[in-house]
Amino acid sequence: MYGIGVLKGMWVTLVHFIQTFVDDIKWAGKRYYTPEGIAHRSSKDTKGIFTVQYPEEKLPVPEEFRYIPILLQEEDEHGNLHDRCTSCGICAKVCPPQCIWIVRTEDPVTKRPVPEPVDFFIDVDICMNCGYCAEYCPFDAIKMDHDYELATFDRHVQNIYNKEKLSKPVSYYAKIRPTNYAREEALRAAEAAKKVEAAAAKAAPAS
Amino acid sequence: MTENRPANPTVNTAGYEVPPELRQNIAITTLDKIWNMGRRYSVWPMMFGLACCAIEMICTAASRYDLARFGMEVMRPSPRQSDLMIVSGTVTKKMIPQIVRLYNQMPEPKYVLSMGACASGGGPFKEGYNVVSGVDQYVPVDVYIPGCPPTPQALLNGLMKIQEKIDSESITKVRWYRKGEIPEIPVPLLGPDIIDPRENAMIKEYTSKPAPVPLAANPQAPATPPAAATS
């Protein structure tokens, strides 16, 4: 008999259609717009609709997700922000598509270079989000951001990010990448302790 | 129940006060808003992909992100039926004549969305011998999405920007209801390098000039005119 295949296919469709409602009723309104609901709909056990209703709810990004780089700024006890960046230029050298420009500066009196950059540009229409800048930065100053909602109407004005647009406080980085932040802070603390120890050892034989 | 719902942006925003007893029966809006609402929920993208960004575009159209929620599910394989061109991927010099032709064949109103770093500015291939550094050198782009590639949610964000742009347009001011013809974009020619017909005058002017005499071969050339030197 012809048409058995069609009927089988329609049966599968009907089962899916019914399961949609069954799952919605089982979750009693908590299936949408809640973190558990999104996690359930992303899992393999889900039955029925698994669409992420994007503008209202967003799929959580993994911690290692990377988009456009950000520059980290330390906050001191007076509330002033200081760049971690020392404008060494390693990121600009390793950048495969060469999208980083750093404007260095020097002290007007002593004529020695100032470690903080005057300006820092990244053309996000060239950046390929590879994360090499963050990998190679010896000062943990440049990191990859999680923000992807960056669509603009004019690229020549809005898509060349300057230092002001790239800079984010360290607390923001600690929030988006807690594991990485904890690991890096432990390493930095260990290195600082080693430096103090070495200085003490150097001072001890002299006295 | 109705109080909790977000206000419909189309209805009763024309600046006229509706009496409370008539609110169930009358809705006042402007022609622009009705017209734009119809257009913003039926943007049909053209079905073509150029590179890896196209994979993300396919993912956006599939059921996890579902373009149908925005009325954009009808990917048209013909430029005659599409409103939006998603330039998804690296635009090579060999591909740009075809893209410009497709753009010319699309009926007005038409929008271009440049998806990803390669389409917007050349991306990592900016210095490449065979890549156009930015599709906006040839066709007018409405929205740029940075990213390599943009995630499906970033693409949806860009599509919502297109909707925002549609909302900002007025029926009395748009270019396609004005008098006169909208000029087509001349299709670039693929040669040893890409040739833009809009630059023909400049190329002709440059090539019709006499070739500069190399300084090393003729050190006195700037001092003596060429006619005197031959006689």
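Predicted model: local features only at pLDDT ≥ 70, side-chain atom pairs only at ≥ 80, totals over all residues.
Residues are numbered from 1 along each chain as its sequence is written, chains are lettered from A and ligands numbered from 1 in the order in which they are written, and side-chain values use heavy atoms, with hydrogens and water left out.

## Nonpolar cores

In soluble globular proteins, nonpolar side chains tend to be buried together. A nonpolar core is here a set of buried Ala, Val, Leu, Ile, Met, Phe, Trp, Tyr and Cys residues joined through side-chain atoms within 4.5 Å, where buried means under 20% relative accessible area, exposed over 50%, and partly exposed in between (1.4 Å probe, protein chains only). The largest such core has 51 residues, of which Ile100(A), Phe120(A), Ile122(A), Leu84(B), Leu113(B) and Leu159(B) touch the most other members. Its largest share, 6 residues, is contributed by helix α5 (residues 152-167) of chain B; helices (H or I, at least four residues) and strands (E, at least two) are DSSP runs, numbered from the N terminus. A second, separate core of 20 residues includes Tyr103(B), Val135(B), Val141(B) and Ile194(B).

Contact means heavy atoms within 4.5 Å. Leaving aside residues up to four places away in sequence, Leu159(B) touches Leu67(B), Met72(B), Leu84(B), Ile86(B) and Leu113(B). Val112(B), placed in strand β2 (residues 111-115) of chain B, is buried because its relative accessibility is 0%. Among the residues that Val112(B) touches, again not counting those up to four places away in sequence, are Leu84(B), Tyr103(B), Val141(B) and Ile162(B). The C-alpha atoms of Val112(B) and Tyr144(B) are separated by 9.0 Å, although these residues are 32 residues apart along the chain.

## A patch on the surface

Trp11(A), Leu14(A), Phe17(A), Ile18(A), Phe21(A), Val22(A) and Ile25(A) form a nonpolar patch on the surface, and together they have about 770 Å² of accessible area. Patches are made of residues with over 30% relative accessible area and no salt bridge, with like charges joined within 9 Å and nonpolar side chains (Val, Leu, Ile, Met, Phe, Trp, Tyr) within 5 Å; accessible areas come from the Shrake-Rupley method with a 1.4 Å probe, and for residues only the protein chains shown count as cover. Trp11(A) lies in helix α1 (residues 4-27) of chain A and is exposed, since its relative accessible area is 57%.

## A sheet in chain A

In chain A, 3 strands form an open sheet in the order β3-β4-β6, with antiparallel pairing. Because β3 (100-106) and β6 (160-161) of chain A each have a single partner strand, they stand at the edges, and one side of each is left without a neighbour in the sheet. Two strands pair if DSSP finds at least two bridges between them, and β3(A) and strand β4 (residues 113-123) of chain A pair over 6 bridges. The bridge partner of Glu106(A) in β4(A) is Pro113(A).

## Backbone features

Most residues other than glycine have a negative phi, and most peptide bonds are trans. Ala28(A), however, has a positive phi of about 50°; Ala28(A) sits in the loop between α1 and α2 (35-42) of chain A. In chain B, a cis peptide bond joins Glu108(B) and Pro109(B), with omega about -5°, and another cis peptide bond joins Cys148(B) and Pro149(B), with omega about -15°. Pro109(B) is in the loop between α3 (96-105) and β2 of chain B, whereas Pro149(B) is in the loop between β3 (143-145) and α5 of chain B.

## Salt bridges

The table gives some of them.

| Residue | Partner | N to O distance |
|---|---|---|
| Arg31(A) | Asp24(A) | 3.5 Å |
| Arg188(A) | Asp140(A) | 3.9 Å |
| Arg198(B) | Asp196(B) | 3.0 Å |

Arg31(A) is buried, with a relative accessible area of 1%, whereas Asp24(A) is partly exposed at 24%. Asp196(B) is buried at 7% relative accessible area, and Arg198(B) is partly exposed at 43%. Salt bridges that share partners join Glu74(A), Arg84(A), Asp140(A), Lys143(A), Glu184(A), Glu185(A) and Arg188(A) into one network.

Terms used: Salt bridge = Lys/Arg side-chain N within 4 Å of Asp/Glu carboxyl O.
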